[in-house]
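Hi,

Here is the model I promised to pass on. Have a look, and my notes follow below.

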Amino acid sequence: MHGGYLHGKAPVSLDHWRVTTASLGTATSTAALFGGRPQIVDASDGTWSYEVFTEAASINVIVETPDSIGTEFVLWGRDGKIAMRGDGYTLDDGSADPDAELPIAERKERAKKGLGTAPETTVYFRLADDPDLGIFKFIQRGAWNLERNLARDGFYDKLDNSDGPVLVELKREPVSFVAKQGPRAGQTVSFTQTELKF
């Protein structure tokens with residue numbers, strides 16, 4: 001499940017969900033549920049898969065266990081491999097994340113420049129409209145807003161305290177505001193972000 005795609009090398013954000021799969025059956029079923037049509041995608045390595053640009057901005061999903069969702073802080077190298085990974089405070093090798101004590105604005109700036117880790121949230125789920133279709137995955141890289149909103153809304157606590165699978169809304173939410181400072185001060189900034197809600 002994707003909130004965008006690459007056009008050449010440029011990322012493009014979507015208002016509706018895009019699904020990719022190696023299964024034509026899954027692509028066809030997803031299109032029947034949420035609109036759109038399966039299209040073949042050719043990869044540079046000679047493999048192929050299907051994608052569906054759905055008409056759904058909101059999809060109800062089943063998150064089965066607290067382990068089905070998690071956030072880690074990752075720094076990707078220029079070679080496409082992970083250079084650093086941890087929980088935002090401690091790296092996998094046991095050392096401290098060098099940016100752990102910085103204010104969020106500075107952490108975001110360092111991450112944008114490829115110098116520090118950024119949150120990466122992964123969610124595994126089933127579609128509420130067709131749970132037998134299989135397990136889907138959504139990954140949000142640079143998920144500063146998503147992680148902040150999940151923490152603010154007590155999402156992880158609610159999930160930990162649930163007795164079993166929970167129904168969650170996975171949503172593409174339009175956001176618009178007037179920038180108060182920076183190079184776009186006074187201009188309206190618009191984008192679409194992902195939200196998860198019980």
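Which helices and strands each supply at least two residues of the lining of the largest pocket? They are S1, S2, helix H2 (104–112), strand S9 (136–141), helix H3 (144–152), strand S10 (166–178) and strand S11 (188–197). Helices here are DSSP runs of H or I with at least four residues, strands are E runs of at least two, and both are numbered from the N terminus.

Before you dig in: this is a predicted model, where local features need pLDDT of at least 70, side-chain atom pairs count only at pLDDT 80 or more, and totals for chains, interfaces and linings use all residues. Residues are numbered from 1 along each chain as its sequence is written, and side-chain values use heavy atoms, with hydrogens and water left out.

Back to that pocket. A pocket is an open set of points on a 1 Å grid over the protein atoms alone, where a 1.4 Å probe fits, with protein on both sides within 12 Å along at least five of seven lines; lining residues have an atom within 4 Å of a point. Of the 37 residues lining the largest one, Gln140, Arg141, Gly142, Ala143 and Phe191 are closest to its centre.

There is also an open sheet of four strands, ordered S1-S2-S4-S3 with antiparallel pairing (strands pair if DSSP finds at least two bridges between them). S1 (2–7) and S3 (39–42) are at the edges with a single partner strand each, so one side of each has no neighbour in the sheet. Four bridges join S2 (10–21) to S4 (48–53), and Arg18 sits opposite Phe53 in S4.

Cheers
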